[in-house]
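These notes are meant for someone opening the entry for the first time.

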Amino acid sequence: MRARSILLHTTLVATIACGRTAPGRAGLVYYESYDPRSLDPALSTDVPTGEMVTLAFDGLTQFDPDGRLEPALADRWTASPDGRRYVFHLRAGVKFHNGTPLTAAAVRASFLRVLAPGTRGGRPWPLYPIAGAEEYAAGRAAGVRGMTLRDDSGLAFTLTEPLAIFPKFLAMPVASVTPAPAPPELGQRPIGTGPWRFVAWQHDDALTFARNPDYWGGAPLADTLIVRIVPEPLTRAAEFEAGRLSVIEVPFGETARWRAQHPGWLAEKPALRVVYVALNNRRGPLSDTRVRRAINQAVNVPEILATVYGGRGILARGAIPPALAGSDTTRRAYGYDPAAARRLLAEAGYAGGIDVQLWRTASNVELSRAAQAIQSQLAAAGVRVELVERDASSQREAARKGQADMVILDWWADYPDADNFLYPLFYSGSFGAGGNYAFYSDAVTDSLILAARRTTDDAGRTALYRRIDDRVYAAAPWLYLWFPKDLWAHRPDLGGWDLPVIFNGQRWTHARVGGR
Amino acid sequence: MRLVGRRLLMTLPTLFGVLVVAFLLLNVAPGDPVAAMVGERADSATIARLRAELHLDDPLPARFGHYVWGVVRGDLGRSYITQRPIVQDLEERFPKTVQLALAAMLLAALCGITLGAVSAVQPGGVFDRLAMLVSYLGVSFPVYWVGLLLILVFALGLHWLPPSGSGGLAYLVLPALTLGMRSIAFLSRITRAAMLDVLSSDFVRTARAKGLSEATVVLRHGLRNALVPVITVLGLDTGSYLTGSILTETIFGWPGLGRYVLTAIEKRDLPAIQGGILFMSLVFVLVNLVTDLLYAKADPRIAYD
């Protein structure tokens, strides 16, 4: 009995305390599933860090929620006809949160800082197209020769070769502009030009931002934005249902229930992501195109998408997501045909079937389940799959070193362009760590990918993208699965928020609680 | 005091052993710390440069010597991932872990010992059967499930408490209950068993024969003498709670040590894992020391010399 009265007492005290401390009811509350690395743009190599950097900082360009490129700190730019030289003109009157004015020198200093070896950020590549950037990063040059100040408000970039999508590279968080010289502890107390000023960061708990009333793009409508760190999806769902998170990605387990009970909460959009199984094109039987095609025919992808993934995706008939120019949704899919798969395997000399390993990681529950479904379906066609389960880090290492036959993976866009789904994933120079986990290598594909990068005319580039995707699809370097559709829920009283197709496409400036 | 000093000195070899094992295991385990630093798309030149800058390609003995020298000076290094000093990270998380651990232990001690003691007074009685059912359930239900169930009932159903996060006392209740659940169950069973043992011994019969009240018999003669095994369990549990609790902290978004080390492991953040393990070992060793000293307090027959 005593135990019960103590419990009751604790609960009562707690309830009273709760009334006092419930946070962020009036403001906006977003979440991350783990603590960002840092708030230093130079360290933004993962999604939580990139999203937080996007709140406090701006780049020369930016993406809107639909992934369209927009002017940001540069209000206009020009490209030379050959696409090798760009001039960016800075927006006038922009100030950092500490009151110092934005200058072209600060932009240059920010880029140098990202490239400087001592920064140890790990993501200098978005700036590598600038002539001399790679040499500077390697410590072989004192400056970056392709980056020059025109005056206080203009910067010229000369690239190593034409790159039509260079302005998109500059919208990535790593290319954000920081004050010069960079303030100490920039990663803990960021000072940017972005819509939100940094207020506080309790690690593993929450970040607090306040509106920047002087934001050049119009001050945010809400006063505060709290970003909580909530690692567990079901806890997030509870927090959302209790009204303590403004938006949330719908947990897979809740898909059907929320679709039925709260359709008004939901927002759905095709994401710039692809889910696939990389087939190591250089290992054993998988080096035979016929075997890889057989695998694509032996798996009933629509069924797995509908059951394991809650139908939250669009069947992949290529690597370019449907929202991007260059995607071809009418391409003929391999289609589920186990008998044809068996015939192809026999034709390749594997009438008795093959034995392969499929790597998966438990930290991605849905993909892990999909791997299991793939295993059982492939068995029916004579492909005997052994599932290898490792943590994400070990899996990544094995995949990068080419030690895994098959790995189930997803790929998130860094910039909204088909190039982001071709150059890293299928260019032979991107083997392993660069993103080409299938170790797919084809001279024609390589030259087409490079040609597309050099093509300044949009229609011509789109045509090339489609051709590349056609060619690669026919070679079946992957088991093509699906393009995820993001399914998010927002509180009924949240207005002005739009589900972004890319992680850094949402700045929360138009969002507010109450009044849609 | 001399005893404490000697015992503290004896912890040094233990900690050094932990350091050696942790260092070696981490460095032979698969997974590249640089891979987590560069993210999903990188070029091999950057990776090679980062490895060189972090001395990851140096011979193992040299790296170990460098690390030990840092530890001796009280410097656990900086995280590869966040670039923050590890000591600062631990300083930030540990108070949160202590808060949760103490709350859980307090709850466990109060509920567990009470349940166990009261059950032992009338073994086989209604209360005893009920209490043992509760403790069976407490031991059998996984922490994960209990945590989510508590959120469902107290946060979503009754709206009494916040589902997760940290802040005032209200935020402490559900995680402490989740974390303490197993201890409540264990403690009640162990207290009951020890009490039954003690209550059937000769001196208790003598005490009753002297005409002492039942309360005095149970509390002064019974409970006090049943405390040694209880302290053992309390000590072990406190030690493990103070070193963080990954599941409870993850479910309730509690910013403690457990999650810190888990994140570090996922990213192969070697300095953070090593520093975390070393710190946890230190805490564990110290808690064990305190437990040993408490034995002597509870039972004067136990002496250390």
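1. Two strands count as paired if DSSP finds at least two bridges between them. Helices (H or I, at least four residues) and strands (E, at least two) are DSSP runs, numbered from the N terminus. On these terms β1(A) and β10(A) pair in the parallel sense, over 5 bridges. Within that pair, A:Glu32 stands opposite A:Ile229 in β10(A).

2. The model is predicted: local features need pLDDT of at least 70, side-chain atom pairs count only at pLDDT 80 or more, and totals for chains, interfaces and linings use all residues. Residues are numbered from 1 along each chain as its sequence is written, while chains are lettered from A and ligands numbered from 1 in the order in which they are written.

3. Contact here means that the C-beta atoms of two residues, placed from the backbone, lie within 7 Å.

4. Chain A has another open sheet, with 4 strands in the order β4-β5-β7-β6 and antiparallel pairing. β4 (74–79) and β6 (147–151) of chain A stand at its edges with a single partner strand each, so one side of each has no neighbour in the sheet. Neighbouring strands are turned by 20° against each other on average, direction ignored.

5. Which residues of this sheet are bridge partners of A:His89? In β7(A) the partner is A:Gly154, and A:His89 is itself the partner in β5(A) of A:Arg76. β5 (residues 85–90) and β7 (residues 154–158) of chain A are joined by 5 bridges, and 5 bridges also join β4(A) to β5(A). β4(A) and β5(A) form a hairpin with 5 residues between them, and A:Gly83 in the turn has a positive phi of about 75°.

6. Helix α3 (residues 104–115) of chain A packs on this sheet, touching β5, β6 and β7 of chain A, and its direction makes about 170° with that of β6(A). The buried residues of α3(A) include A:Val107, A:Phe111 and A:Leu115; buried means that 20 or more other C-beta atoms lie within 10 Å of a residue's own, with C-beta atoms placed from the backbone. The buried residues of α3(A) pack against β5, α4 (133–137), β6 and β7 of chain A.

7. In chain B, the axes of helix α5 (residues 86–121) and helix α6 (residues 126–140) come within 8 Å and cross at roughly 145°. B:Leu115, B:Val118 and B:Ser119 in α5(B) meet residues of α6(B), among them B:Phe127 and B:Met132.

8. The contact between the chains takes 54 residues from chain A and 54 residues from chain B. On the side of chain A that touches chain B, α1(A) gives the most, with 12 residues.

Technical notes. Axes fitted to C-alpha atoms, helices over the stretch in contact; angles between N-to-C directions. Buried ≥ 20, exposed ≤ 12 C-beta atoms within 10 Å, placed from the backbone.
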